[in-house]
Amino acid sequence: MPDPLVRPHERYCALGDNEDARRNAYRALVVAGLADAEVEHIRATLQRQHALGNDRFRDAIERQLGRRAGPARIGRPPKPRDSEESAL
């Protein structure tokens with residue numbers, strides 16, 4: 001019996017016109033696996049303990065965790081504008 005709260009994702013539905021076609025297409029994707037470059041990217045992200053996703057996703061994770069979830073910017077942080085103006 002299908003659960004009314006569980007709905008297939010739109011990308012899964014786009015894999016075929018019917019359930020059998022979608023299952024076969026999904027199975028083929030899983031069997032094909034990931035490219036070596038993708039696996040290395042995932043490993044590097046995990047080792048650095050960063051969230052793997054786009055900027056919007058990382059921003060949401062950072063707000064929830066209250067800490068950085070992606071790579072830090074390189075270099076010294078910019079000085080606040082107030083201190084620059086008072087130094088003049």
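Q: At the start of α2, which residue has a side-chain oxygen that reaches to within 3.1 Å of the backbone nitrogen of Asp20?
A: This is a predicted model, in which local features need pLDDT of at least 70, side-chain atom pairs count only at pLDDT 80 or more, and totals for chains, interfaces and linings use all residues. Residues are numbered from 1 along each chain as its sequence is written, and side-chain values use heavy atoms, with hydrogens and water left out. A polar contact is a pair of N or O atoms within 3.5 Å, where within protein one must be able to donate a hydrogen and the other to accept it, and residues adjacent in sequence count only if both atoms are side-chain atoms. At the start of α2, the side-chain oxygen that comes to within 3.1 Å of the backbone nitrogen of Asp20 belongs to Asn18.

Q: Which residue caps the N-terminal end of α4?
A: The cap places a side-chain oxygen 3.2 Å from the backbone nitrogen of Arg56. The residue that supplies this oxygen at the N-terminal end of α4 is Asn54.

Q: How many helices does the protein have?
A: Helices (H or I, at least four residues) and strands (E, at least two) are DSSP runs, numbered from the N terminus. Read along the sequence, the pattern is α-α-α-α-α. With 0 strands, the number of helices is 5.

Q: How far apart are the end C-alpha atoms of α2?
A: The expected span of a helix is 1.5 Å times one less than its number of residues. For the 14 residues of α2 this rule gives 20 Å, and the end C-alpha atoms agree with it, being apart by 20 Å.

Q: Why is the pair formed by Tyr12 and Tyr26 edge-to-face?
A: Rings of Phe, Tyr and Trp (its six-membered ring) pair if their centres lie within 6.5 Å, and planes under 30 degrees apart count as stacked, over 60 as edge-to-face and the rest as tilted. By this rule the count is 1 aromatic pair. The ring centres of Tyr12 and Tyr26 are 6.0 Å apart, and the pair is edge-to-face because the planes stand at 75°.

Q: How many residues apart in sequence are the parts that this pair ties together?
A: Tyr12 lies in helix α1 (residues 10-13), whereas Tyr26 lies in helix α2 (residues 19-32). The pair therefore ties together parts whose separation in sequence is 14 residues.

Q: Is Arg22 buried or exposed?
A: Buried means under 20% relative accessible area, exposed over 50%, and partly exposed in between (1.4 Å probe, protein chains only). Arg22, whose place is in helix α2, has contacts (heavy atoms within 4.5 Å) that include Tyr12 and Leu15, leaving aside its neighbours within four places in sequence. Its relative accessible area is 14%, so Arg22 is buried.

Q: What is the radius of gyration of the protein?
A: The radius of gyration is taken over C-alpha atoms, and the globule rule is 2.2 Å times the number of residues to the power 0.38. The C-alpha atoms fill a box of roughly 70 × 35 × 20 Å along the principal axes. A compact globule of 88 residues would have a value near 12 Å, but the protein has 22 Å.
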